[in-house]
Amino acid sequence: MKTPAARALAIGGGTAALLGLLHVLGVGLPLLLALAVVVAVVTLLLPWIAVRWADDLTAVVRGRFWAREQGRFHSFGGVPLQIEDDGRQVWIDGQGLMRALGRREPEDALAARHAGQWRRDAQGVLMLRVDAVVQVLASRSGRTEPRQQRLRRYLERDVLHPARTRRERR
């Protein structure tokens, strides 16, 4: 059996003998139907399951890759804002807020305006509570300026509301 034709004849003869035996035993048709069902299930469900697993794997990898940047993806008017959610309050960096407003103000004055509603993070950055910032933006002079109104709406809609819904889900 060195030639390919001889090997093909041997495989074909063995297959015919096996199928003949299955027919004589009476299990050929049920076995064929079971095999058809298995093939149909594999071809229909396996891609769906594989896509679901691939989506889950992608989410896990993306979560691990972006873990350090989590909560720092906000920007307003092209100005990146550092937003942190500690589970109780949402905080925004003071310098980013001033850049978004287009103003310059010392950190001491900014902290005094938000008395009792600020802190420093591990790197020493001044962080302000976002709800207090929204309240100050709504009540201070210049509250009718379009940029200030847009920033206040952005903080309410894109920062505070999602944080509130995340807390309610927990």
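## A guided tour of the sheet and its surroundings

Select strands β4 and β6 (residues 126-129) to begin: three bridges join these two strands, which run antiparallel. Two strands are said to pair if DSSP finds at least two bridges between them. The strands (E, at least two residues) and helices (H or I, at least four residues) of this tour are DSSP runs, numbered from the N terminus.

The model is a predicted one, in which local features need pLDDT of at least 70 and side-chain atom pairs count only at pLDDT 80 or more, while totals for chains, interfaces and linings use all residues. Residues are numbered from 1 along each chain as its sequence is written, and side-chain values use heavy atoms, with hydrogens and water left out.

**Stop 1: the whole sheet**

Four strands now form an open sheet in the order β3-β4-β6-β5, with antiparallel pairing. At the edges stand β3 and β5, each of which pairs on one side only. Direction ignored, neighbouring strands of this sheet are turned by 30 degrees against each other on average. Such angles are taken between axes, which are lines fitted to C-alpha atoms (for helices over the stretch in contact); angles run from 0 to 180 degrees between N-to-C directions.

**Stop 2: from β3 to β4**

Select residues 83-85, which make up β3; three bridges join this strand to β4 in an antiparallel arrangement. Glu 84 stands opposite Trp 91 in β4. The two strands form a hairpin with four residues between them, and Gly 87 in the turn has a positive phi of about 100 degrees.

Now show the side chains of β4, residues 90-93. In a regular strand the side chains alternate between the two faces of the sheet. Val 90 and Ile 92 lie on one side of β4, Trp 91 and Asp 93 on the other, and all are buried. Buried means under 20% relative accessible area, exposed over 50% and partly exposed in between (1.4 Å probe, protein chains only).

**Stop 3**

On the next side, β5 and β6 pair in the antiparallel sense over three bridges. Arg 119 has Met 127 as its bridge partner in β6, and Arg 120 has Leu 126. This pair of strands also forms a hairpin, with five residues between them; Gly 124 in the turn has a positive phi of about 85 degrees.

Which ring does the charged end of Arg 119 sit over? The ring is that of Trp 91, and the distance to its centre is 4.6 Å. A charge sits over a ring if NZ of Lys or CZ of Arg is within 6 Å of the ring centre and within 35 degrees of the ring normal.

**Stop 4: helix α5 and His 114**

Select residues 130-139, helix α5, which lies across β4 and β6 and runs at about 70 degrees to β6. Then select His 114, in the loop between α4 (107-113) and β5 (118-120). His 114 is buried, with a relative accessible area of 3%. Its side chain reaches the backbone oxygen of Leu 110 at 3.0 Å. Leaving aside neighbours within four places in sequence, His 114 is in contact (heavy atoms within 4.5 Å) with Leu 128, Ala 132, Val 133 and Val 136.

**Stop 5: Leu 101**

Move to Leu 101 in helix α3 (residues 94-101). At 10% relative accessibility, Leu 101 counts as buried. Beyond its neighbours within four places in sequence, its contacts include Leu 137, Arg 140 and Leu 151.

**Stop 6**

Finally, select Phe 76 and Tyr 154. Rings of Phe, Tyr and Trp (its six-membered ring) pair if their centres lie within 6.5 Å; planes under 30 degrees apart count as stacked, over 60 as edge-to-face and the rest as tilted. By this rule the count comes to one aromatic pair. The ring centres of Phe 76 and Tyr 154 are 5.8 Å apart and their planes stand at 45 degrees, so the pair is tilted. It links distant parts of the chain, with Phe 76 in strand β1 (residues 74-76) and Tyr 154 in helix α6 (residues 146-169), 78 residues apart. Phe 76 is buried at 9% relative accessibility, and Tyr 154 is buried at 10%.

The side chains of His 74 and Tyr 154 make a polar contact at 3.0 Å. A polar contact is a pair of N or O atoms within 3.5 Å; within protein, one must be able to donate a hydrogen and the other to accept it, and residues adjacent in sequence count only if both atoms are side-chain atoms. His 74 counts as buried at 12% relative accessibility.
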